[in-house]
Amino acid sequence: MSTRNVSVRFPVGRGRVLTAVDDVSIEIRRGETFGLIGESGSGKSTIGRAIVCLERPSEGTILHDGRDPHALRASELRRHRRQYQIIFQDPNAALDPRMTILKSIREPLDVAGEGSRADRDQRARDLMNRVGLGEGFADLYPHQLSGGQKQRACIARALTVRPSLIVCDEAVAALDVSIQADILNLLAELQQEFGLTYLFITHNIGVVEHISDTIAVMYLGQIIEIAPADRLAEHFLHPYTQALLSAEPVALPSGMRPDHRIVLEGELPSPMDPPSGCRFRTRCRFATGICAAEAPKLRELAPGHRTACHHAETFRLDPNLKEGSQ
Amino acid sequence: MASTPDITPQGATASVLSWLRRDLRAALCLGYLLALVIASVAAPLIAQHSPIEQSMDMLAPPSGAHWLGTDDLGRDVFARMVYGAPMSLYASMVAVGVGLALGLPTGMLAGYLGGRVDTVISRIIDTLLAFPGIILAVAVTGALGIGLTNAMIAVGIVFAPNIARLIRIQTIVVKNELYVDAARSFGMPVRGIILRHIVPNAIQPIIVQVTVMLAGALLAEASLSFLGLGVQPPWPSWGQMLARGYTYMEIAPEQMYAPGIAILLTALAYNGLGESLRTRLDPTSRSRR
């Protein structure tokens, strides 16, 4: 699965255009978990939606196993896209309130028209058991379930069509912390069992750190750093990644916390009118003249580790600043 | 209580029966409307007089011979009520049916497709809404020709933009729901999305609106019949009787009671049924016992 120079733009009226995703190229290998992090409004969800063909790229191409799904005919696309499923942040909104859980889970199979009604019911019930929802939930309506149970139902529904890739769009963000761990474990088990590839979209770096193979950091519609997960935490090469990592809550009393939280100033600039050059420069402590003049390109500075910063090699050596987080 | 609405025919009958047993309002309203239908079919058996035969016994109060008295031409009011019932029921059904047939698909199309289609349809709706309803109905009836059916088609055309506007906004709300995105992501065709997700989730306010419109159609029929565009004399309809009785308000006010109360009760029955239906179709309110 890969995206090639994908941009997604939305008209916002009066001829103005919002560029949610700007020239993003990523590659997700089969079987891996690809973490995509960034703050709200960075375009990470839009990328996820584009990958499952819910948004159409304004420019560039999405390639599923080397094929561009948007080049397919409508009926072929409908069959093809079953391979690429998405789990949304809000499990409550993702289930039709007028359908029972069983009916919702069975729905993809109904659409695919596979097997008899009894077979489809059986498969849906099997998957309900697999994701930890007992049979007792089959005839309940979504409002009678808790958030975690609904998310399990959504996972079961995505699995019915045997997808190869699942986009988890903030799939645990709306859940209780204790439930989050359960769902993450479930997702990890299912990955083993079904050979799934995940694109894990989140704003919580703690969530992706442990389960991802590769992590990409997004800022204002662009990928600014991409690295193997085990490398990123210590060897980050972008000031924004540093800030993001330091913002992760630490479970220690205030006196024992390492004192190096970097608080970014200002707000995320408007994606309708992004800053010139490097998009992060308006909030970056290391910004110099070149940052405003020239947009930094993603450069490979270590095997599999690319970053888009003019000062990538030097900013961490700046003696006035404390060393970044572990 | 019934856990899931079954889709097999026997299951449907059983679930309707158990619904009526639990919901007294629904049972009463349905019973009343059913009684009207039966009265309509069996009118010659129920009414002892002809609804159009005149006599010199004018504006008589209720008596053993004339249960509800006689009107200004000496016709039996009870017979006219019974013979007028099917006219009124038919009239309201035709008007709302036409309104739905025109309004639902256009509104849903505008809401779902958006963009230019939406702009064009919305402007047409606005234009139609800018006309006073009764004037538009009179104009349409004039164009189609006089008669109850044509008059009610005209009323339906007046209703259509209201329905279209309501379903349009509902469709816009529902089509942006995540479960519609989910359905798209597993390859559900547009027709399936509309039938399985958008219609059931967008239709609620329409059901309420329909019951209000059924009542409104009864009154519109009265207005148009009053203007001579609806039911043609001497045949009766409730609206026409009410309009006629109204002219004798000062000397025989009881002339208005029978048709007025009948229209009121029918409108109430429509409303009550609609409200019960809406509650019944909403799974979130059904969990309460």
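Start by selecting residues 1-245 of chain A, which UniProt lists as "domain: ABC transporter" in an unreviewed entry. UniProt positions follow the numbering used here, feature names are shortened, and annotations may be inferred rather than shown by experiment. The model is a predicted one: local features need pLDDT of at least 70, side-chain atom pairs count only at pLDDT 80 or more, and totals for chains, interfaces and linings use all residues. Residues are numbered from 1 along each chain as its sequence is written, while chains are lettered from A and ligands numbered from 1 in the order in which they are written.

Over residues 1-245 of chain A, 38% is helix and 24% is strand. The end C-alpha atoms of this span are 27 Å apart. Helices (H or I, at least four residues) and strands (E, at least two) are DSSP runs, numbered from the N terminus.

**A helix pair in chain A**

Next, select helix α3 (residues 101-112) and helix α4 (residues 117-130) of chain A. Their axes come within 9 Å and cross at roughly 125°. Axes are lines fitted to C-alpha atoms, for helices over the stretch in contact, and angles run from 0 to 180 degrees between N-to-C directions. α3(A) and α4(A) are therefore oblique to each other; angles under 35 degrees count as roughly parallel, over 145 as roughly antiparallel, 65 to 115 as roughly perpendicular and the rest as oblique. The crossing of α3(A) past α4(A) is right-handed. A crossing is right-handed if the near helix is turned clockwise from the far one by less than a right angle, and left-handed if anticlockwise.

To see the contact, show A:Leu102, A:Ile105, A:Arg106, A:Leu109 and A:Asp110 on α3(A), with A:Arg120, A:Asp121, A:Arg123, A:Ala124, A:Leu127 and A:Met128 on α4(A). Two residues are in contact if their C-beta atoms, placed from the backbone, lie within 7 Å. This contact has 6 nonpolar, no polar and 5 charged residues. Ala, Val, Leu, Ile, Met, Phe, Trp, Tyr, Cys and Pro count as nonpolar, Asp, Glu, Lys and Arg as charged, and the others, Gly among them, as polar.

**Where the chains meet**

Now show both chains. The contact takes 25 residues from chain A and 21 residues from chain B. On the chain B side, the elements giving two or more residues are α8 (178-185), α9 (190-202) and α13 (283-286). The largest share, 7 residues, comes from α8(B). The chain B side divides into 9 nonpolar, 9 polar and 3 charged residues.

**Chain B as a whole**

Chain B has 13 helices and 0 strands, and its C-alpha atoms fill a box of roughly 75 × 45 × 30 Å along the principal axes. Of its 289 residues, 40% count as buried. A residue is buried if 20 or more other C-beta atoms lie within 10 Å of its own, exposed if 12 or fewer, and partly exposed in between, with C-beta atoms placed from the backbone. Among contacts in chain B with a separation of 6 or more, 64% join residues 24 or more positions apart.

Select residues 85-274 of chain B, where an unreviewed UniProt entry places "domain: ABC transmembrane type-1". This span is 82% helix and 0% strand, and its end C-alpha atoms lie 20 Å apart.

**Stops within chain B**

Go to helix α11 (residues 238-246) of chain B, where 7 of the 9 residues are buried. They are B:Trp238, B:Gly239, B:Gln240, B:Met241, B:Leu242, B:Arg244 and B:Gly245. These buried residues pack against α4 (77-113), α10 (204-226) and α12 (257-281) of chain B.

Follow α4(B) to helix α5 (residues 115-130) of chain B; the two pack at an angle of about 140°, with their axes 7 Å apart. α4(B) passes α5(B) in a left-handed crossing. B:Thr106, B:Leu109, B:Ala110 and B:Leu113 in α4(B) meet B:Gly115, B:Val117, B:Asp118, B:Ile121 and B:Ser122 in α5(B). By class, this contact has 5 nonpolar, 3 polar and 1 charged.

Centre on B:Ile121, in helix α5 of chain B. B:Ile121 counts as buried because it has 20 C-beta neighbours inside 10 Å. Not counting residues up to four places away in sequence, B:Ile121 touches B:Thr106, B:Leu109 and B:Ala110. B:Ala164 is 43 residues from B:Ile121 in sequence and 9.2 Å away in space, C-alpha to C-alpha.

Finish at B:Leu24 in helix α2 (residues 24-41) of chain B. B:Leu24 is exposed, with 11 other C-beta atoms within 10 Å. B:Ser276 is 252 residues from B:Leu24 in sequence, yet the C-alpha atoms are 9.4 Å apart.
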